[in-house]
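The sequence and the model are shown first, and the description follows.

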Amino acid sequence: MTSLLEWAANGFWNLSAWQIVAFTLAMTHITMISVTIFLHRHQAHRALDLHPFASHFFRFWLWLTTGQVTKEWASIHRKHHARCEQPDDPHSPHVHGIKTVLLQGYELYRKEAQNKETLARFGHGTPNDWIERHLYTRFSFAGVALMLLLDLALFGAAGLAVWAVQMAWTPVMAAGIVNGAAHYWGYRNFEAPDASTNISPWGILIAGEELHNNHHTYPTSAKLSVKPYEFDIGWMYISLLQRVGLARAKKVPPRLALGAVRPVADEHALEALIQNRYELMAGYARGMRRAFNDELAALKARRSDASMIKAARNWLHRDTEKVPASVAAYLTRVRAASPVLDKMVLMREELRQLWLNRSHTREQLAADLQGWCLRAEASGIAALQEFSLQLRAART
């Protein structure tokens, strides 16, 4: 009887409290790695290939620790990208509200999982073998029930707390924080066509998913970090899997290559612009910030009121449709007060139209780019002149 009570209290392992905490964190870390490598990068975006052994390990682990159905997860995530920040985005905080996504993100996910149209339209290519049909999908609840029994056996009464943390981890971290905070707070490396942000430059806790703006900019990339100071632990594990032949990355973020400056911006420069537009426009934004700082210094030197131009810092480099109506009129006044900033905003939009334009031929677009570079280099604005030379040196 005593041994039975001792087992009920401590389980088979009889670990100390800190050892149980360490075990729980290790288990949840493996779960997040399984989510990001298998569900997200492999299944939803086909950014990498996985060896059948690795693929099935991740499937089994997710069934055991989350009860996740692969087709549902991939379908909902693909729909999120296809309808991002639109009314039918399954979990946009700009549609449902940030509080709802943070606190009820899992409920939003479960609701969308019942949408048969979503699964039919976006669920192509997900596992449909015997074990998926007869176990992982049909008895998705059985895995987490088995996990509960294992936790109770290993840790006794404390196993219930371990299991509760395991079950809450993915809904909180993925359905709440990634889907909510990563579309609401943080920094942006690129002007992606949505509200995605990077929560942190160090993607460790959520296995690299913290770098969400990078991901929305290059959704088919197996690597989520793009800056030297950013770290994607998911990519670290993919690299290790590649070394032992269990994975193969198909795409990584493109890197801008520069060569000799061409006499004119030709079709090759146009192709380089379109292919590397996000990186190039991030460089353009840096040039705008330098021009902004110069304008701000000039205003201070004249002892003029600089408060108006200071408040425009975060909006001058944004796409026109991303600027709130409440800010647009204010930016118009700022641009009227600064011909340099006005010129840079205008030319930024002209440049953006080169890859948005669907009516011009390739030859016409190349001619438009040549004209843009000529005007930039004749503008007398150092940032524009430097950027034009970079465009003429860009290579694919």
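## A first pairing

With which residue does Asp-342 form a salt bridge? The partner is Arg-335, and the closest N and O atoms of the two lie 2.9 Å apart. The model in which this pair is found is a predicted one.

Asp-342 is partly exposed, at a relative accessible area of 24%. Arg-335 is likewise partly exposed, with a value of 23%.

## The protein as a whole

The protein has 396 residues, and 47% of them are buried. Its secondary structure consists of 19 helices and six strands. Along the principal axes, the C-alpha atoms fill a box of roughly 90 × 45 × 40 Å.

The accessible surface amounts to about 19,500 Å², and carbon and sulfur atoms account for 61% of that area. Where contacts between residues at least 6 apart in sequence are considered, 68% of them join residues at least 24 apart.

Side chains of opposite charge can pair when their charged atoms come close. The structure contains 21 salt bridges. One of them joins Arg-41 to Asp-232, with 2.8 Å between the closest N and O atoms. This pair links distant parts of the chain, since Arg-41 belongs to helix α2 (residues 17–44) and Asp-232 to strand β3 (residues 231–232), 191 residues apart. Is this pair buried or exposed? Arg-41 has a relative accessibility of 2% and therefore counts as buried, the cut-off being under 20%. Asp-232 also has a relative accessibility of 2%, so this residue counts as buried by that cut-off.

A further salt bridge is formed by the side chains of Asp-319 and Arg-352, at 3.5 Å from N to O. This pair, too, connects distant parts of the chain: Asp-319 is in the loop between α15 (307–310) and α16 (325–337), while Arg-352 is in helix α17 (residues 339–356), 33 residues apart. Both residues of the pair, Asp-319 and Arg-352, are buried. They also take part in a network of salt bridges that links Asp-319, Lys-322, Arg-348, Glu-349 and Arg-352.

## Helix α9

Helix α9 has 16 residues and reaches 24 Å from its first C-alpha to its last, which is close to the 22 Å expected at 1.5 Å a residue. Which residues of α9 are buried? They are Ser-140, Gly-143, Val-144, Met-147, Asp-151, Leu-154 and Phe-155. Viewed down the helix axis, these buried residues fall within an arc of 90°, so they line one face of α9.

The face turned away from the buried side carries the exposed residues Phe-141 and Leu-149. After the helix comes Gly-156, which has a positive phi, near 70°.

Leu-146, Leu-149, Leu-150, Leu-152 and Leu-160 make a nonpolar surface patch of about 410 Å². Helix α9 (residues 140–155) supplies the largest share of the patch, with four residues.

Leu-146 is located in α9. Its relative accessible area is 35%, so Leu-146 is partly exposed. Leu-149, another member of the patch, is one of the exposed residues on the face of α9 turned away from the buried side.

Note on methods: Residues are numbered from 1 along each chain as its sequence is written. This is a predicted model: local features need pLDDT of at least 70, side-chain atom pairs count only at pLDDT 80 or more; totals for chains, interfaces and linings use all residues. Side-chain values use heavy atoms; hydrogens and water are left out. Patches are made of residues with over 30% relative accessible area and no salt bridge: like charges are joined within 9 Å, nonpolar side chains (Val, Leu, Ile, Met, Phe, Trp, Tyr) within 5 Å. Accessible areas come from the Shrake-Rupley method with a 1.4 Å probe; for residues, only the protein chains shown count as cover. A salt bridge is a side-chain nitrogen of Lys or Arg within 4 Å of a carboxyl oxygen of Asp or Glu. Helices (H or I, at least four residues) and strands (E, at least two) are DSSP runs, numbered from the N terminus. Buried means under 20% relative accessible area, exposed over 50%, partly exposed in between (1.4 Å probe, protein chains only). The expected span of a helix is 1.5 Å times one less than its number of residues. The arc is that of the directions from the helix axis to the C-beta atoms. Contact means heavy atoms within 4.5 Å.
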